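Hi,

Here is the structure I promised to send over. Have a look at it first, and then read my notes below.

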Amino acid sequence: MQDIFVTTLSQPLPGWQQAFTDCQCVREVSTTANQAQLVFWLHMNEDRQHWMQGAIKRITTLYPNAKVVVLANAPDQAEALYALSLGAVGYSHAYATAEALAEIKTVIAHGGLWLGNTLLQKLIEVSTRMTTSHNSHVNSLLNQLTQREKEVAVEAAKGLSNKEIARILNITDRTVKAHLASIFEQLKVKDRLHLALILNQNYQI
């Protein structure tokens, strides 16, 4: 499988080069890649979710059989869940070791998903507490949120920071924080990952 790293960096990170000596680095996804089995490693830039969404959509359109792994300098659990919902099969730290990257490739090559142990344990813990009746209850609670709270909740479930949400919705960081506090209380969730799980099952992100 050919490894293509989509990044704004001029040179691949040492771990990337060590893991895949024949890897390619490109700034944008193009149609010039060979149609052989491909793994696209998306290195998140500053415009995180918007860029990730567009890049994954372009890859899945141009290369339906390709696999996508998202690499983040500062991994976020909710963002990982959002990446998977967009079609990625893996999510990892951009500075992961060569051994870890090779292991990720092995897992996804055999049809698996890569989340990392911490996120996987968290997902299992939260999922075991979510029953059908609870989901129905969450739906009713979502309807009680204001339109602005729903907007904040959806962006937070994508893994955006308060600052990013504030910029997108043209409100202050303090307002975002207040909305999130209200959302968490109304939906009875304790963190953004829990919120992301609920929204992915009950609300169209």
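**The sheet and its helices**

Strand β1 (residues 2-6) pairs with β2 in the parallel sense over three bridges; two strands count as paired if DSSP finds at least two bridges between them. Helices (H or I, at least four residues) and strands (E, at least two) are DSSP runs, numbered from the N terminus. Phenylalanine 5 has cysteine 25 as its bridge partner in β2.

This is a predicted model, in which local features need pLDDT of at least 70 and side-chain atom pairs count only at pLDDT 80 or more, while totals for chains, interfaces and linings use all residues. Residues are numbered from 1 along each chain as its sequence is written, and side-chain values use heavy atoms, with hydrogens and water left out.

Five strands make up an open sheet with parallel pairing, in the order β2-β1-β3-β4-β5. At the edges are β2 (24-26) and β5 (90-93), each with a single partner strand, so one side of each has no neighbour in the sheet.

Helix α3 (residues 77-86) lies across β4 and β5, at about 145 degrees to β5 (axes are lines fitted to C-alpha atoms, for helices over the stretch in contact, and angles run from 0 to 180 degrees between N-to-C directions).

**Glutamate 149**

Glutamate 149 belongs to helix α7 (residues 147-157). Its side chain makes a polar contact with the side chain of serine 182 (2.9 Å), although the two residues are 33 apart in sequence; C-alpha to C-alpha, they are 8.1 Å apart in space. A polar contact here is a pair of N or O atoms within 3.5 Å; within protein, one must be able to donate a hydrogen and the other to accept it, and residues adjacent in sequence count only if both atoms are side-chain atoms.

Best wishes

Note on methods: Contact means heavy atoms within 4.5 Å.
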